[in-house]
Amino acid sequence: MSSRRRRIRTTAGASKYAVPVIDLHCHSTASDGTDSPRELVHEAVRAGLTTMAITDHDTTGGWDEAAEAVRELDTEFTLVLGTEFSCVYHSPDDSQRISLHLLGYLFDPAAAGLKAERARLRENRLGRGEAIVNNLIEAGYPVRWQQVQAIAGGGAVGRPHIGQALVDSGVVRSVHDAFAELLSSDSPYYVPKADSEVLTMIELIRAAGGVAVIAHPWARRREQILDEQALRRLVDAGLAGIEVDHMDHTPEDRRRLRALAEELRVFTTGSSDYHGTHKTVRLGAETTDRQCLQRILSQADGVEPVYSAQAR
Ligand code: AMP
Ligand code: FE
Ligand code: FE
Ligand code: ZN
């Protein structure tokens, strides 16, 4: 790690690191990660990242704490502020309804339309989480909604919190097992979220000065995934990039998505989608190259990234 972080002589504007390590999709306790925003920043530094995006589900709730932690660092580090939005795509003939995740980077958190939509999504997560818990209770599982809320700790509630409650109650051994046995979308206890229309969400992110990147578009193997025509419609609406390198994409998915991105003239990113102990993936397991980061930084004007003193 020491050699990786060794400073090199560069021209103005170029990276100050021999090898920048950029991870643009990470979760904290502001949603369903297990590290607090501050811990997440410190973990990122320990993992050798030079740039990280904090992208909690449907919230900017972790931004301030993460930013404060970055300002206090004594190493060079850049924090990209972001959110992973829960969205849905409807095909033009309305025959398909596909859930997807959209990353928004560096948008103005005060922009009214987007702020209202974030609040709506979080509110929906509460009612939907309670509905899933009630289904489990009815089937005899020893979980309580209060217990789930305590685990979520005020962050955006998600199925991993219900999974943790099932682990704590001794029903399953891991959050992963909870998903496999009880929480998957084809489980009888599942309740869907009231996700945002993706085309509207792309417009809202752009209106707030942000940059929209689709997260792990082909990750949901068993469900419908966005085809080329759908991705083309998102790009026409203003989608700027595709998250290609993600643990849930096979080498073949990545090859095809990269070719598609080139054809659609959008950039590609790679990210860990780190969730702390709720998933096994490590920070920096997948990374984004510097040119793609630069395209995000040059297109965004909603909010500045947060730089540590050494990175300024
Ligand atoms: P929700 O947002 O409530 O629909 O829950 C989906 C979240 O659960 C996603 O953010 C994933 O990170 C997480 N998730 C999905 N599958 C699994 C799994 N098998 N193990 C742990 N977390 C998962
Ligand atoms: Fe998640
Ligand atoms: Fe996601
Ligand atoms: Zn994620």
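Predicted model: local features only at pLDDT ≥ 70, side-chain atom pairs only at ≥ 80, totals over all residues.
The protein chain contains 10 helices and 9 strands. Its radius of gyration is 19 Å, close to the 20 Å that the globule rule gives for 312 residues, so the chain is as compact as a globular protein of that length. Along the principal axes, the C-alpha trace spans about 65 × 45 × 40 Å. Of the 312 residues in the protein chain, 53% are buried. Among contacts with a separation of 6 or more, 73% are between residues 24 or more positions apart. The accessible surface of the protein chain comes to about 14,000 Å². Carbon and sulfur atoms account for 46% of this surface.

The metal ions are taken in turn, beginning with the zinc ion (ligand 4). The zinc ion (ligand 4) is coordinated by His25 and His27, each through NE2, by Glu84 through OE and by Asp273 through OD. The distances at this site run from 2.1 to 2.2 Å. The 4 donor atoms of the zinc ion (ligand 4) make angles of 78 to 169°, and the site is irregular. A tetrahedral site would need all angles to lie between 85 and 135 degrees. In sequence, the donor residues of the zinc ion (ligand 4) follow the spacing H-x1-H-x56-E-x188-D. Both His25 and His27 are buried. Asp273 also counts as buried, because its relative accessibility is 3%, and the cut-off for a buried residue is under 20%. Asp273 is located in the loop between strand S8 (267-270) and helix H10 (290-299). The backbone of Asp273 has a positive phi of about 60°, although the residue is not a glycine.

The zinc ion (ligand 4) is 4.4 Å from the iron ion (ligand 2). The donors of the iron ion (ligand 2) include OD atoms of Asp32 and the NE2 atoms of His57 and His275. Distances at the iron ion (ligand 2) range from 2.1 to 2.8 Å. The 6 donor atoms around this ion subtend angles of 50 to 151°, so the arrangement is irregular. The spacing of its donor residues in sequence is D-x24-H-x217-H. Asp32 lies in the loop between strand S1 (22-26) and helix H1 (37-46), whereas His57 belongs to strand S2 (residues 51-57), so the pair ties together parts that are 25 residues apart in sequence. Both Asp32 and His57 are buried.

The iron ion (ligand 3) lies 5.5 Å from the iron ion (ligand 2). Glu84 in strand S3 (residues 78-90) and His101 in strand S4 (residues 97-105) are 17 residues apart, and the pair links distant parts of the chain. His101 has a relative accessibility of 11% and so counts as buried. His216 is placed in the loop between strand S6 (211-215) and helix H8 (228-237). With a relative accessible area of 8%, His216 is buried. Although His216 is not a glycine, it has a positive phi of about 25°.

The cysteines were examined for disulfides. A search of the whole structure finds 0 disulfides. The closest cysteine sulfur to that of Cys26 is in Cys292, at 16 Å, which is too far for a bond, because a disulfide requires two cysteine sulfur atoms within 2.5 Å. Cys292 is likewise in no disulfide, and its nearest cysteine sulfur is that of Cys26. Cys26 has 0% relative accessibility and therefore counts as buried. Cys292 is also buried, at 9% relative accessibility.

Key: Residues numbered from 1 in each chain as written. Chains lettered and ligands numbered in written order. Heavy atoms only, no water. Donors = N, O, S within 2.8 Å, 3.2 Å for Na, K, Ca; no water. Tetrahedral: all angles 85-135°; square planar, octahedral: opposite > 155°, others 65-115°. Helix = DSSP H or I, 4+ residues; strand = E, 2+ residues; numbered from the N terminus. Buried < 20%, exposed > 50% of the residue type's maximum accessible area, 1.4 Å probe, protein only. Rg over C-alpha atoms; globule rule 2.2 N^0.38 Å. Contact = heavy atoms within 4.5 Å. Areas by Shrake-Rupley, 256 points an atom, 1.4 Å probe, with all protein chains shown as cover.
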